[in-house]
Every structure is written in structure tokens, then in C-alpha cells.
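Q: I would like to learn how to read side-chain contacts in a model. Can we go through them one feature at a time?

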Amino acid sequence: MKPLKLVLSAFGPYAGRTEIDFTRLGEQGLYLITGDTGAGKTIIFDALCYALYGETSGGTREASMLRSQYAAADVPTFVELAFRLRGQEYVVRRNPEYLRPAKRGSGLKLERAAAELRYPDARQPVTKTGEVDRAVKELLGLDYKQFTKIAMIAQGQFRKFLDTNTDERSKIFRELFHTEFYQSLQERLKREALDKCKECDELQRRTAQFLSGISCAAYPEQAAKLALWRQQEFRGCAGEALELVDAVIKLDEAKQAQNAAAKSALDEQQRALNAQLEGFSQLAELESAVRSLQAQKEKLQQQADSEAEAKAAREKQLAALESAWQEAQAAQLAAAQEQGEQQRLAARKRDLQDVQAMLARYNEELAELEAKRNEYREHMQAYTEKKQKYDALDMAFLQAQAGVLAATLKEHEPCPVCGSLQHPRPAVLPQDTPTEQQVKQAQAAMTSAKAYLGDLAGQGRKLNAGCERQLQLTLDKSRELFGCAEPEKLPACLQAEQKQTAEQTRELETRLRPLVQLARQEAQRAGAVTRQRASNAQADADAQKRVAELAKVEGQLQEKTEQLEQQQRLVADVDEAALRAQGAELAAAQRELEQQDRRLYAAIENNKGITANVRESTEGLRRSEEEYQSLKALADTMNGRLVGKKHVNLETYIQMHYFDKILRRANVRLLQMTSGQYELCREALDNDEVKTGNSKTGLDLVVHDHYSGRRRSVKTLSGGESFMASLALALGLADEVQSSAGGIQLDAMFVDEGFGSLDDSALQQAVATLQGLSEGRRLVGIISHVHDLMDMIDTQLVVTKRTNGAGTGSEVQILA
């Protein structure tokens, strides 16, 4: 990134619009920013950094401090930077939040912070602050902190990167060299080891929980051992517990076999006893069957007697229903005949109504024809008047043409009519002579009236033809219906026919009404007959079934009675009470054995299930513990947590490689600037010098003093020595970042102060180093009050305060 032009408006001490054209400084080399104290030299670097990242170079100025106190109220505050990157030119513009005069009315309005990035191609500019921040970081490949570490050494910030510890330096390298993958790998292994440890604890807990459920209450010795192991949560004794479970299962299975033999003997005794008691059960069943059959016989006999009495009543009711049905059928036939006559009268009534409607239409058309004739007569009169007016105007106009022609005659000029040169008695033009326009208007009115009169005549002829057709249709219809073909007699004949038809209709309705009412009952009475017939048939069938059932029950009763008498003879000499008491004792013994068997079965199944679960969980625990040991060893190694070893994790180890390369690049310049005295080295600890706690090592710095041959902390360096070491480290970091990250180009570098702490020799060495850095199209800017630098560096930006009549503020002059 190389700046091309920087515009400051009402920014810091710059009250108005100030433009700095960096292209006048050349493509490479050193340039010095010098001037009065407090004039605004550092503000130039602040503006560059603010335009790119929205923060100042040293991070000490807040946004509210950027608005110039010398600026007029209507001058906007903003910074605009044009810069070149990989051959393309970009423009970024930002303004902080500040108060400005309201555009409407009085008072102040808050101007919100804003940002914009314009691309060199046709892409739309980025306008949101957060999006501009991301776009600038993506373009440059550096965020704000990285930029201030390797491209801009701000005032008072020289020693920060030099004195920082491994943790802080690791964070910087992570962003610069993208080592976050190794950090993620470390964290992932740590999490997996912790998860595997939790898995081992869970498997141990499950194993203890399973073993706590062992059923061995019937064996005191085994129960005592189990209680002791339970207090220890079964740690280290799971195998012994499994052996105990196997022994308890064998004891329970032996008891189960003994119970099975005892139960088999009791079952044999129970079968013999049941065979003896079966006779009494059969006797009770036969007695119950005989009682039930006797009750059925009596009930069936009563039903058969009732059905015989009901049959006569059903037949009488059926005869009455059939008689009523025949009466309804006769009424239905008569009603059908009368309804035919009714339909004929209704059709004649409709025909008469049609004739009446046709006669009404004829009268309407006749009235319309008469109205049209009257209208024709009225317009005939109007047409006659307009024709007479036109004829009179036309005649007067023609008669006046001689006077019009005479008005054009001149002496000694030939007459256009006779050719005479003398005009002794020329015609006189009448005073009331109509104009040609008046004649044409009268003619147009006459023509319009004549055309309308023709339309009326056509309409009258059409109406007359329609009347004649309607009259003929009406007469044809009336002749067909009642023989009337005379128009004069048609209304009277029609009225008489309608009256006669109405009287016939009323008489017919009087006769038809009772017949229809009775006919409507035909379907109902037919259904009643059908239902009664079906009911009678069903009742007769039920009666037959009842007779058959009665005969069947009588036969069964006789058979069961004979069986009952035979069974009573068989059990006459047997003591039933003694047999049942013996059976109760056997049943109680069987229930006791069954309860014991269920308890033994439940205990055996429970213990077998526990055995399977414990074997599975202990095997899983063994595998998990092996995996945990491997994961923990790997995680501790990668996270630098090995006991007795240096606390260097994998990411730091990778970063140490980059750090060594940075130091090699930095020492080339530091040795030059210090005349070979100082060299930066990465601090290396032996295993017996391991730090304690969570502190990390591997990226700490020491300085090797070649004059004394000893290493010491960088914090022991003087101010000038620290500046040279910091500058060399920043330059080495910048070189390595560009070399490692191919997308990062640093074509410009900025150094603010620090040269005042150098003696003449060190100053010359530092400038020579920076001049060497500026080779290869790199532009290096330096802010300093050191006068010797003004003699060493010809290209300068001179910043001066302005307090004259032109106003208050600062201005920049380029000396190239």
C-alpha cells in the first residue's frame, strides 16, 4: 500500500481543507515531516491510520477529539486517502461523529460517523462503516493492530512490541502468519481428552450403579462383601464382584431345581384329588342343567299358547287393511281420468292467454304506428316551410346577380356579358339581397328535413307491416281455438271462451279434490297390507320354531334327568368335604412354591442382566481409559503441559520458526545501526529452568551484547538502544510478513519520533538503515524534531502554525 493523496478537512489543527500530494515525494526514499511543536505533524499519521481503520496511529485520540477547534461551523470534518495497491488506485473517506449547524433552523445537529471505500473498477462503493473496515482489512491483509506494529511505529509505541511477552506476541503472530489452525488443533485435543475423561467417569459410575443392584439378600456372607465394595464405589473390585454374582446365580439355580421337583410331586397329588372331586362337579352341573331345561320348557309352552290366540286377530286385521287398500286403488284410477281433463282445460286456458297477449301486442303496435304517422305529418309541414324559404332565398340571390355584376363595370371597359364599352343603364343591387352563405344554410336545413322525413316514412312502413303480421297471427290462432276470424268480434269471443273455460275448471276441481285425497292414501294402505302380511308370516314361522324348540327341550330334559339319577348313585358313598379340605392344603403349598420360584427367577434374571451390563461397561471403561491416556499425553504435549518440560505449545512452536526468521532479518539492520554491538535473540530455557503456572515461553526476547559477550533482557536497553532495536524488529517483521503472506504489500512505512535519543553516529546508522529499506520502490516517512535529520533528508513536509489574518490553524508545505 502506497499513499497517493491525503485530504484533511477541519481535522485536528487543520481548520480548512488541506491536501498532501504524496506523489510529489517520489516513488521511493525517505521524507521528513518536520515543523513547529504542536503544529500537527503526528496528525498526518493519525489521519492516514484513521482513513484506513477509523482509529488514530497511537490510539490515544478519540473521535470526539478529531474535529478541529479552529474550523468554521459550516466546514465539514473528514479525511480522504487515495492509495495504490497492486497497481490499482483506491479511495477511502471517513468522518467522525461531531456537532454541526442544522441546515434548517437554528441550533446544532449531530453528524453521524460515516465511511466510504471506492474501488478502481465498476463495483459499487462500500458505504457502511463495518463493511469498510472489513474491506480495508481484506485489501491490505492487515488489521489496525498489525498495521501499527509493522507499517507505522507511532509516537511512544516503540518499546511495546519489543517488551511484550510470549502470550501477547503469539496473538500478533497468529493474525499475521495464520497459525490459528494449530491453536484450534490444541484446543480440540484438549476438549477431546476432557470428554474422554468424563466418559471414563461415566462408565465407572454406570458400573458401580449396575453392581449396586445385585440380588443376594438370602446369602448374608455375599451381602456383607457387596456392602463393603459399595462403599468403595466398586473401584478396583469389579472382577471380584462379578465372581460373587456368578456364585449367587448358581445357588439360586440350585434352589430353583429343588422347587421344581417339589412342585411336580404336588401337581401329581392334585391331579388324583381332582379326579375324585370331578364326580361331584358333574353332579352339580347335571342338577343345574335339569333345572334350566325345566324352566325353558315352561316358558316355551306359555309362548306357544299365546301365539295360537294371536293368530286369529292378525288375520282379521289383515282383511280390513286389504278392503281399505282396494277402495284407495279405485279412487286413484278415477283421479287419473279427471286429471287428464284438468290438463286439457289448463292447456286451453294457456292458449286463450296467448291469444289475449297477441291481441295486446297488436294494439300496442297499432298505437305506435299511429304515433309515427302523426310525427310524419308534423315534419312534413316543417319540411314544406324550409323548402319554401330556400326557394325564395335562391330566387332572390339569382335575381341580384345582375346588380352584383353591374357594380364591377367601368367606363370604356367591355361588359363581361355583352362586350359593350358603354353602360347607359346598369342594374341596381337590391338592399335585401341574401348572401350566398344564407342560401347554402337554407339549402342544408331543407336537405336535413327531407332526409329525416324519409327516415320517418321508412319506419312507418315497417310498423305497418308488423301490425298486419301480428293481426294475421292473432286471427289464425283464434280461428283454430274457437272459430272467430273477424277482428271486430275477437275481443268478445275471447272473453266468452275464457269465462266458459274457468267455470269448467272450477267444477272439475270440486270433483277431483276428494278423489286425490283418497288416492294419496293408496301407497300408505298398500304398505300397511304388505307389512301386515309379512308380520303374519313371521309370526307363523316363529310359532313353528317355538313348537320345534319345545320338542327339543323336552327330549334334552329327559336325557339329563336319566344322567342325573345315574351320577347320584355313583357318589353316594364318597366324603366330599374331606376331599375339598385336602385340595385346599395342596393349593396353598403350590402357591408358596410358585412365589418362591418367581422370586428366584427374578433374582437370577436380574443378576444375569447385571453381569452382562457390567462386563460390557468394564470393557468399555478399559478401552476409554487407554484412549484417554493417549489423548491426554498428546494434548499435554501440544498444549505445552508436560511435567518438567518447557511450556511451549504447538502453535508457539510454529511461531518460533517465524520469529527466528524475523530476528534474522531484524539483526541485519540492528547490527548495522549499533556497529555490531547488539543482536536480538529468542530466549531459550533449559528443562531445569521451566516456568511455573500457566505462563508460556518460546517467544520471549533477550539482547546479546557482543561487546560483553552476555545476554540480558531487552528492558535493560537505553532509550536510544530501545528505539534502534524496536525499529529493527518492526522492519524485520514487515519484511517477513511480506515474504510469508504473498497478498501483503507494504510500499510505505511511517516512523514517529524516537530519533532524539540517538547520538550522531547512531542517528547516521539509523538513517542509513532506513535509506536501505526505502530501496525497491518503498517510501518511508519520519516525524522528528532532530535538526540533523533536516540536513540528511532533503524531501520534507513542513508543518507550520498559522495565526495571521488568514485565520488560525496549520498548513503543510512540500519541499521535494
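Q: Is Phe 83 buried or exposed?
A: Buried means under 20% relative accessible area, exposed means over 50%, and partly exposed lies in between, with a 1.4 Å probe and protein chains only. Phe 83 has a relative accessible area of 1%, so Phe 83 is buried.

Q: What should I know about the model itself?
A: This is a predicted model, in which local features need pLDDT of at least 70 and side-chain atom pairs count only at pLDDT 80 or more, while totals for chains, interfaces and linings use all residues. Residues are numbered from 1 along each chain as its sequence is written, and side-chain values use heavy atoms, with hydrogens and water left out.

Q: How many aromatic pairs does a search of the whole structure find?
A: A pair of aromatic rings is described by the distance of the centres and the angle of the planes. Rings of Phe, Tyr and Trp (its six-membered ring) pair if their centres lie within 6.5 Å; planes under 30 degrees apart are stacked, over 60 edge-to-face, and the rest tilted. The search finds eight aromatic pairs. Take Phe 11 and Tyr 50: the planes are at 40° and the centres 5.9 Å apart, so this pair is tilted.

Q: Which parts of the chain does the pair of Phe 11 and Tyr 50 link?
A: Helices (H or I, at least four residues) and strands (E, at least two) are DSSP runs, numbered from the N terminus. Phe 11 is in strand E1 (residues 2-11) and Tyr 50 in helix H1 (residues 41-53). These are distant parts, 39 residues apart. Phe 11 is buried at 0% relative accessibility. Tyr 50 is buried too, at 6%.

Q: What kind of pair do Phe 83 and Tyr 90 form?
A: A stacked one, with 20° between the planes and 5.6 Å centre to centre. Tyr 90 counts as buried at 7% relative accessibility.

Q: Which residues do ring pairs link into a cluster?
A: Tyr 53, Tyr 144 and Phe 147.

Q: Where does the charged end of Arg 93 sit?
A: A charge sits over a ring if NZ of Lys or CZ of Arg is within 6 Å of the ring centre and within 35 degrees of the ring normal. The charged end of Arg 93 sits over the ring of Phe 78, 3.6 Å from its centre. Arg 123 does likewise over the ring of Tyr 119, at 3.9 Å from the centre.

Q: How many salt bridges does the count come to?
A: A salt bridge is a side-chain nitrogen of Lys or Arg within 4 Å of a carboxyl oxygen of Asp or Glu. The count comes to 30. In one of them, Arg 84 meets Glu 27 at 3.7 Å, N to O. Arg 84 lies in strand E4 (residues 78-85), and Glu 27 in the loop between strand E2 (14-21) and strand E3 (29-35), so the bridge ties together parts 57 residues apart in sequence.

Q: How far apart in the chain are Lys 196 and Glu 627?
A: Their side chains meet in a salt bridge, 2.7 Å from N to O. Lys 196 is in helix H6 (residues 180-212) and Glu 627 in helix H13 (residues 576-638), 431 residues apart. Lys 196 is buried at 13% relative accessibility, whereas Glu 627 is partly exposed at 38%.

Q: Where do Arg 479 and Asp 476 lie?
A: Both lie in helix H10 (residues 436-482), three residues apart, about one turn of the helix.

Q: Which residues do salt bridges that share partners join into one network?
A: Glu 80, Arg 93, Glu 116 and Arg 118.
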